[in-house]
Amino acid sequence: MAVNSGVLCKETWEAIAGYSAERPLQKSQSQASTTAALSFQLMTRAEPPELVIATIHSLLAIKEAHDEIIIIDNNNTETSLYKPLAAFCASLDPKLNVHFYHIDAVEGFKAGALNLALGLMSPDCTHLVVVDSDYQALPHARKSIANALHHYPDHTLLQFPQFYRNASQVDTHNELNHYFNHHLYRPFNRTRALSTGTYAVIRRSDLLSLGGWSGASITEDAQMGVLMHQRGFRSQFIPEVIATGLLPNTLNDLMSQRRRWIYGNMQVLTDYFSWPLPFLAQSSVTTKNLDERLTYIRAHLSQLSAWTNFTGFFIFLQVCSLFIIGSALFSTDPNLSLLTPLYLVYISYALFLGRRLWAYFHDQAPLNKQVDTDHQSNVGTKLRAWLMHINFWELGALSWLPVLWGRKKPFICTPKQAPIGTRHSLWQANIMALPKLLLVLNIITALLVAPFSPLYSPLLFVCAVTVCVLKLWAAKVAMDNFAFTEQKTPSISIKSKLVVTAVRKQAKSIKTSDITTALNNKKTINS
């Protein structure tokens with residue numbers, strides 16, 4: 001049992017790195033089978049302790065004796081959140097191989113904490129398994145991971161799907177899981193999967209050879225996947241549900257989560273195109289032919305742009321057109337040719353909506369059927385998932401644009417605490433969280449081209465009203481999924497005494513550069 005409170009600074013990291021400099025990198029890759037030792041790595045920051053403890057219990061139920069569990073609570077000064085967690089871990093039998101660390105200052109977003117776990121993991125573990133604090137393992141999880149390692153012994157990354165256990169948020173669940181049910185199921189993506197974070201099974205030696213996790217993007221998982229493929233390492237999506245997590249508690253949290261995904265993935269894409277002819281040049285690492293490298297580029301672009309759309313340019317065009325049309329109404333003879341740009345705008349909107357509707361109607365929800373054999377993916381559920389997606393229309397169109405001029409955004413954790421407030425306050429918060437730009441623009445457009453306007457256009461009027469109706473309908477679906485419910489605060493009973501004590505008074509943060517330097521200079525890292 002390892003319990004640490006305080007700050008793991010650069011000198012501590014170097015001591016960890018130097019401790020095992022003479023030890024072999026890892027066991028032979030041929031041993032990546034059912035006997036492979038796994039390091040389950042759980043990063044947490046200001047999460048409810050009872051939630052994290054439930055996740056640890058689920059891992060204890062599936063782990064084998066030679067597996068380990070590493071929990072790193074980072075950048076969290078709220079003692080009421082991490083001390084019960086530390087006490088629980090300290091109360092466990094040391095033979096269970098559970099290690100808890102509380103570290104006050106870690107830089108590099110989640111990648112910094114993951115690099116600490118990479119350094120602290122046992123060299124006897126051939127693979128690490130990233131676990132989000134709310135993702136509880138299902139009973140067959142360990143066996144499924146072992147089977148996947150057996151079938152894909154030479155792969156660096158095996159990515160299992162995300163899945164959710166919230167019973168009252170079916171439409172949100174279906175919208176989010178569409179990525180795994182449909183998008184990642186496509187053959188060219190399945191065999192070239194990027195990491196999506198939780199329940200990514202990664203070969204330790206290959207990750208060390210990359211220099212650990214990169215902090216260049218706030219979606220460190222996707223960044224790692226691209227870098228991994230550049231080095232010639234292989235990956236595979238394993239379409240089997242082995243764990244379930246929680247959806248964001250509020251609509252605002254859901255929107256913040258999606259903004260982070262969009263922004264982070266576009267950071268990766270920006271770096272991707274800054275590299276000279278990615279995957280087109282031969283290297284000493286990869287022997288892929290040109291067609292195979294082009295297929296990798298297609299898979300990367302497909303996965304990294306899954307949450308984005310490019311109607312943002314047409315939204316700007318609509319804004320400019322409305323200013324010009326509004327000014328023209330004050331003239332004696334407004335010209336109908338001013339409406340021409342709006343036809344282009346609505347053609348782009350129709351293409352976006354039609355393409356996404358086609359994708360959702362072709363989603364057969366195979367993962368849902370694994371969990372619920374009676375699951376029926378009917379027209380109604382597909383339509384409501386599509387409508388839920390329309391709530392993110394503006395986010396997918398505009399949230400990635402700040403990447404183009406290099407604006408930095410912070411990593412915002414999705415809180416797992418239950419929302420607090422009254423029915424009215426929650427309703428008000430949901431209304432405020434919903435993007436309303438397109439609704440406002442199309443209400444204005446409908447008024448400017450309405451039958452009583454000198455610029456009346458039946459087609460544009462119908463198009464504007466249709467978008468308004470879809471946005472309002474989508475908002476209704478979102479409000480249904482985040483309705484007010486009575487919340488009960490669970491309690492934790494820990495019999496053992498609190499064992500967390502401050503070991504350092506002065507905080508010194510760990511930078512990604514410090515971590516990657518240690519990783520590059522040492523063959524292995526061990527606690």
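Here are legends for a few close-up views of this predicted model.

Residues are numbered from 1 along each chain as its sequence is written. Local features need pLDDT of at least 70 and side-chain atom pairs 80 or more, while totals for chains, interfaces and linings use all residues, and side-chain values use heavy atoms, with hydrogens and water left out.

**View 1. Tyrosine 179 meets tryptophan 307.** Rings of Phe, Tyr and Trp (its six-membered ring) pair if their centres lie within 6.5 Å; planes under 30 degrees apart are stacked, over 60 edge-to-face, and the rest tilted. That rule gives 11 aromatic pairs. With centres 5.8 Å apart and planes at 25°, tyrosine 179 and tryptophan 307 are stacked. Tyrosine 179 belongs to helix H6 (residues 170-183), and tryptophan 307 to the loop between helices H11 (290-304) and H12 (312-328), 128 residues apart; helices are DSSP runs (H or I, at least four residues), numbered from the N terminus. Both tyrosine 179 and tryptophan 307 are buried, meaning under 20% relative accessible area (1.4 Å probe, protein chains only).

**View 2. Phenylalanine 352 beside tryptophan 393.** Here the centres are 5.1 Å apart and the planes sit at 35°, so this pair is tilted. Phenylalanine 352 is in helix H13 (residues 340-361) and tryptophan 393 in helix H16 (residues 393-398). Phenylalanine 352 is buried at 9% relative accessible area, and tryptophan 393 is buried at 1%.

**View 3. Arginines over rings.** A charge sits over a ring if NZ of Lys or CZ of Arg is within 6 Å of the ring centre and within 35 degrees of the ring normal. Arginine 192 lies over the face of tyrosine 296, 5.2 Å from the ring centre. Arginine 258 does likewise with phenylalanine 392, at 4.0 Å.

Conventions. Helix = DSSP H or I, 4+ residues; strand = E, 2+ residues; numbered from the N terminus. Buried < 20%, exposed > 50% of the residue type's maximum accessible area, 1.4 Å probe, protein only.
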